[in-house]
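Work through the following exercises with the coordinates at hand, and compare each step with the worked solution.

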Amino acid sequence: MAAAGTAASAGGGGGRLTVRAVLRAWAARLQAAGCPEPEREALLIVSHLLGLEAGQVLARREESLRADQLEVGAQIVAQRCRRVPLAYLLGEAYFFGLRLRCDRRALVPRVETELLAEAALEWLRGRPRGVLAELGTGSGCLSIALAVHCPTARLVATDLSAAALALAAENARLHGVEERIVFLCGDLLAPLVSEGLASHVQALVANLPYLAEAEYAAAAPELRYEPRAALVAGPTGLEAYQRLAGQLALLPKLEFLAVEMGASQGSAVRALFARALPGWELEVRRDYAGWDRLLIARLPAGRPAAGKKVPRAPLQLDRSKPHR
Ligand SMILES: C[S@@+](CC[C@H](N)C(=O)[O-])C[C@H]1O[C@@H](n2cnc3c(N)ncnc32)[C@H](O)[C@@H]1O
């Protein structure tokens, strides 16, 4: 039995396995499997089993775990050693301080993407009733964080994957913002255009796939468990943003754009959007590790947006429209 094996390797002595011994044993197994943060992950697994915060677990290091908890924990550790992302095994992830349901329908939210949320909130502070669209919402993390932090914002979130959108809708319900985000399924701007919403969008944010195929082939094993379509853009990694840049003229009121990018894509992504948005102010923002992470584009004050006319419907950003 897996838990018994773990008990032996934890050196439990007489069957009493303390939190301290289990943390040590599981961290050692995770480290041997090449998991990058073994101590932190062992602590998260024990926190999950006990239903406690990490700090509370550390305060109870001399207490024992029950046999059923050890059994479940050992199964999680075994799968994590096969490099299944921990967030999928625990069924949850945190983004911008919000607990979200997390499973294989969508990418695990990344901490770098919180920079995109901050950039969008900067814009929303100046336009608290602004209309903002997110492309490629995945788990819904970004739009849900914006809805929670800016209660007056009007939000549309799209994705090509209906499965991801179903998870995003569940997460929106979890945080009580399901009435405030319209979820639409489709490719890039197509669902906004077909729903007559494109002509209302003032801000666009997106964390679209940006890995090149060769980068994906060499990436950490965890990425194999996430939807490939959420990660890989094509041979160069720039394909999704190239296509998006070519469609921006469909958004006549657009005045703000922020997209997440790969660690060394700053100048390539800047060049793409500089061509699509002539006269706009462009900024490449780095993450806390110093890598290129965001391209932010703003229409200078007083300058008319350069979009072309598109079919316009009355603005109806509420759940009276069906989730498709
Ligand atoms: C990198 S994930 C980001 C998910 C989420 N926004 C986050 O930051 O965790 C990219 C998302 O874009 C979606 N996607 C990929 N290509 C798309 C396209 N052409 N149009 C709309 N969504 C797309 C994927 O299904 C995936 O959910």
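**Salt bridges and cysteines**

The side chains of Arg20 and Glu62 form a salt bridge with an N to O distance of 2.4 Å, a salt bridge being a side-chain nitrogen of Lys or Arg within 4 Å of a carboxyl oxygen of Asp or Glu. The model is predicted, so local features need pLDDT of at least 70 and side-chain atom pairs count only at pLDDT 80 or more, while totals for chains, interfaces and linings use all residues. Residues are numbered from 1 along each chain as its sequence is written, and side-chain values use heavy atoms, with hydrogens and water left out.

**Exercise 1.** Find which parts Arg20 and Glu62 tie together.

**Exercise 2.** Determine whether Arg110 and Glu226, which form a salt bridge, are buried, partly exposed or exposed.

*Solution.* The closest N and O atoms of the pair are 2.8 Å apart. Buried means under 20% relative accessible area, exposed over 50%, and partly exposed in between (1.4 Å probe, protein chains only). Arg110, at 23%, is partly exposed, whereas Glu226, at 5%, is buried.

**Exercise 3.** State how many disulfides the whole structure holds.

*Solution.* The search finds zero disulfides, a disulfide being a pair of cysteine sulfur atoms within 2.5 Å. For Cys102, the nearest cysteine sulfur, that of Cys141, is 9.2 Å away.

Methods: Helix = DSSP H or I, 4+ residues; strand = E, 2+ residues; numbered from the N terminus.
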